[in-house]
Amino acid sequence: MTALDAVLILLAGTAAGAINAAVGSGSLITFPTLLALGFPPVLANVSNNIGLVPGGAASVWGYRRELADQRRRLLVLGSMSVVGGTAGAVLLLVLPATAFRAVVPVLIGLAVLLVAVHPWIARALARRPERAGRRDVGPAALVATAACGVYGGYFGGAQGILLVGLLGTVMTETLQRLNALKNGLVTCVNAVAAVTFLIVAPDRVDWRIVGLIAVGSSVGGLIGSRIGRRLPQPVLRGVIVVVGVVAIVNLLRPA
């Protein structure tokens, strides 16, 4: 790793931390960056996942006011995130690297699509009237959270956007409170996946990448939680879509 590589990874981690706190899909910045620098896909995904955990914790702290009265909800749904995240991490480790290279372009494509259509999802959720009895956690919310956990444990790109979209269809909440809940649940998924990786496959962790992304994402998480509502969303969305497409091209390129 050169000094320039280190700077690029640090900057990508900072951008990812801010994007994750404000919107979601920060991995579509860091993961393509690591691929472009020549790191193997599975090692890049594992190291990126671990490095983003401190950034997630920073974003949770930044949204602590919105989470203050959602502790029970976070605990219940967080348990499903832990189950799903563990399952996804195990799938990543037991399936061959060729399977990851084959599946991830599809997952990135789904993530990019979610990023692109997120404004329409957000407007649809914002227009929905509140109805009694839908604020509490139900079976649909549990299943949706577990499914997102599996996706996030295997590949985390845009899991936050997917989670907000799914929970918004089964729970009536404001977007800011859903976003705060999303930050907590995504951090649960990344943390349990990170523990699984460290126990089962420490040889697939590059600690230089982890350290750089951890520092960058922590700073970015605090920044994103403060100014996320003021970010130029169309520009940000365009950047994410572009880097996602670049990642797909890099993965589909013959080895």
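A crossing is right-handed if the near helix is turned clockwise from the far one by less than a right angle, and left-handed if anticlockwise. Please keep in mind that this model is predicted.

**Exercise 1.** Describe how helix α2 and helix α3 cross.

*Solution.* Start with the axes: those of α2 (residues 27-36) and α3 (residues 41-62) come within 9 Å and cross at roughly 140°. Roughly antiparallel would need an angle over 145 degrees, so α2 is oblique to α3. Next, the hand: the crossing of α2 and α3 is right-handed. Now list who touches whom: α2 contributes Ser27, Thr30, Phe31, Leu34 and Leu35, while α3 contributes Pro41, Ala44, Asn45, Asn48 and Leu52. Sorting these contact residues gives 6 nonpolar, 4 polar and no charged.

**Exercise 2.** Classify the pairs that Phe31 forms with Phe100 and with Phe155.

*Solution.* The whole structure holds 3 aromatic pairs. For Phe31 and Phe100, the centres are 6.3 Å apart with 85° between the planes, an edge-to-face pair. Because Phe31 sits in helix α2 and Phe100 in helix α6 (residues 97-127), this pair ties together parts 69 residues apart in sequence. For Phe31 and Phe155, the centres lie 5.3 Å apart and the planes are at 70°, so this pair is edge-to-face. Phe155 belongs to the loop between α7 (139-154) and α8 (159-170), 124 residues from Phe31.

**Exercise 3.** Are Phe31 and Phe100 buried or exposed, and which residues make up the ring cluster?

*Solution.* Phe31 and Phe100 are both buried, and Phe155 is buried too. Ring pairs join Phe31, Phe100, Tyr154 and Phe155 into a cluster.

How values were computed
Residues numbered from 1 in each chain as written. Predicted model: local features only at pLDDT ≥ 70, side-chain atom pairs only at ≥ 80, totals over all residues. Heavy atoms only, no water. Axes fitted to C-alpha atoms, helices over the stretch in contact; angles between N-to-C directions. Helix = DSSP H or I, 4+ residues; strand = E, 2+ residues; numbered from the N terminus. Parallel < 35°, antiparallel > 145°, perpendicular 65-115°, else oblique. Contact = heavy atoms within 4.5 Å. Nonpolar A, V, L, I, M, F, W, Y, C, P; charged D, E, K, R; others polar. Phe/Tyr/Trp six-rings, centres within 6.5 Å; stacked < 30°, edge-to-face > 60°. Buried < 20%, exposed > 50% of the residue type's maximum accessible area, 1.4 Å probe, protein only.
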